[in-house]
Amino acid sequence: MTIRTRFAPSPTGLLHVGNARAALFNFLFARHHGGEFLLRIEDTDKERSTQKAVDVIFDGLAWMGIEADAEPVFQSARQDRHTEVALELLEKGQAYKCFCTPEELTAMREKAMAEKRPPRYDGTWRDRDPSEAPAGAPYVVRLKAPRDGETIIKDLVQGEVRVANSEMDDLILLRSDGTPTYLHAVVVDDHDMDITHVMRGDDHLTNTFRQAMIYRAMGWNLPHFAHLPLIHGPDGAKLSKRHGAQSVVDFREEGYLPEALCNYLLRLGWGHGDAEVLSREEQIKLFDLDGVGRSPSRMDYVKLAHLNGIWMRVADDTRLTDDVMQRLAGRDGVVTDDKTRARILAMMPGLKERAKTLVELADNAAFAGFTLPLTFTPKAEKMLGDDGRTVLQGVGKDLAALSDFTPETVDATLRAYAEKHEIKLGSVAQPLRAAMTGSTTSPGIDLTLAALGQDEVLARIAAVLTSGAVDA
């Protein structure tokens, strides 16, 4: 048997982090077992489904490095097939026409609630002859669900789960306008796509019992089901905007690398010993369902940021520089030309050691493109008092005398100045850093000065020394 999994989102909004994790688990499971991973867009809700949402799904999956093994299937294009199966069930006597009016259904629900019973359809037309209905009356097609016994699902995550058939009513397969329902369409699509494993959030578990009845009515083999626990916020409540980023787009905009997010989502509900940082190759090698827990997971944004910092430190410097340049484009007071890019690329080994997100990285690198005069933070201003200006004036002359402006020659010059004037190296580096960046943070001062270049370094020193007061 070739294992085939699928990710089947509805294009009605953003690619939520819970859906993204489900896509990742399906993808890794298929790859681990040498199977196939498929994508289906469940766009039957024509009022809410949008092309923009479809594009967001494709874009998000591509960013995460999750690739399907075939062209995506659009559920809306398969309506005739869904209808065909419903009519086959009708012909087999496994389904029936229900002519109840909206008013009758409302009265049915109200009566059930008044009698403290679940408001389910009572099977009024289950055994009646359709000829009893008024000529031309609209109808829906309902599945003739079993009333006795139990429906049992042997879930690969939740274990064996049971529900009494008496607890479920006859679900609608075709609406009165002839369109198939979501629950019915999903079963037909999964069967026709030869899906062997359905892995999705455990909020779908109730649906699974109802869908199992369609499989059995058609005489089809059920796929294996694996219902994944949901992702909650740090406080245990349902994940929402107040907790922070919720969608793949949010995480990308907030500066997370896709490998960091995937690594974190993998560990959110799945474990393999003490392994924390896992490459895609290692994820495929290790992932299987026996490592998935049953309890809901909680987002830990602090842990995610820490993991992102780890991945940033091993990321390619050119890739990070390209991202930073895009984030700086259009920012006031920052020139994003080739010269700025070269400076940032040269400083990237030091810059990425001090950042946990790409946003933070861009903020820390922005000084490379600052135009004069700089604006200074209060802490930087303090570094540029009389003592700081004295250092700048003296060391500036030494730096101007260099014919070879490299990190090594810069470092030697700063150390020689500090030794000559019997001050600590930090007392030289701190005012220089403030003059170069407008703040008190940067990569190593030797790397920073060399990356900015001799002319820019001297120009920034001169801007401080010639100003009447440090700009606030």
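Helix H5 is followed by Asp194, whose phi is positive, near 60°; helices (H or I, at least four residues) and strands (E, at least two) are taken as DSSP runs, numbered from the N terminus. The model is predicted, so local features need pLDDT of at least 70 and side-chain atom pairs count only at pLDDT 80 or more, while totals for chains, interfaces and linings use all residues. Residues are numbered from 1 along each chain as its sequence is written, and side-chain values use heavy atoms, with hydrogens and water left out.

H5 itself (residues 182-192) is mostly covered, with eight of its eleven residues buried, where buried means under 20% relative accessible area, exposed over 50%, and partly exposed in between (1.4 Å probe, protein chains only). Among the partners of these buried residues are strand E1 (4-7), strand E2 (36-41) and strand E9, contact being defined by heavy atoms within 4.5 Å. Strand E9 (residues 197-201) includes Val198, which is buried with a relative accessible area of 0%. Beyond its neighbours within four places in sequence, Val198 touches Arg6, Asp190, Pro223, His224, Phe225 and Ala226.

Charged pairs come next. A salt bridge is a side-chain nitrogen of Lys or Arg within 4 Å of a carboxyl oxygen of Asp or Glu, and by this rule the count comes to 30. Elsewhere, Asp170 and Arg126 form a salt bridge at 3.0 Å, N to O. This pair links distant parts of the chain, 44 residues apart. Asp170 is buried at 5% relative accessibility, and Arg126 is buried at 12%.

Glu456 and Arg343 also form a salt bridge, with the closest N and O atoms 3.6 Å apart. Glu456 lies in helix H19 and Arg343 in helix H12 (residues 338-351), so the pair ties together parts 113 residues apart in sequence. Both Glu456 and Arg343 are buried. By contrast, Arg415 and Asp411, joined by a salt bridge of 3.0 Å, N to O, are partly exposed at 46% for Arg415 and 24% for Asp411. These two residues sit four residues apart in helix H16, about one turn of the helix.
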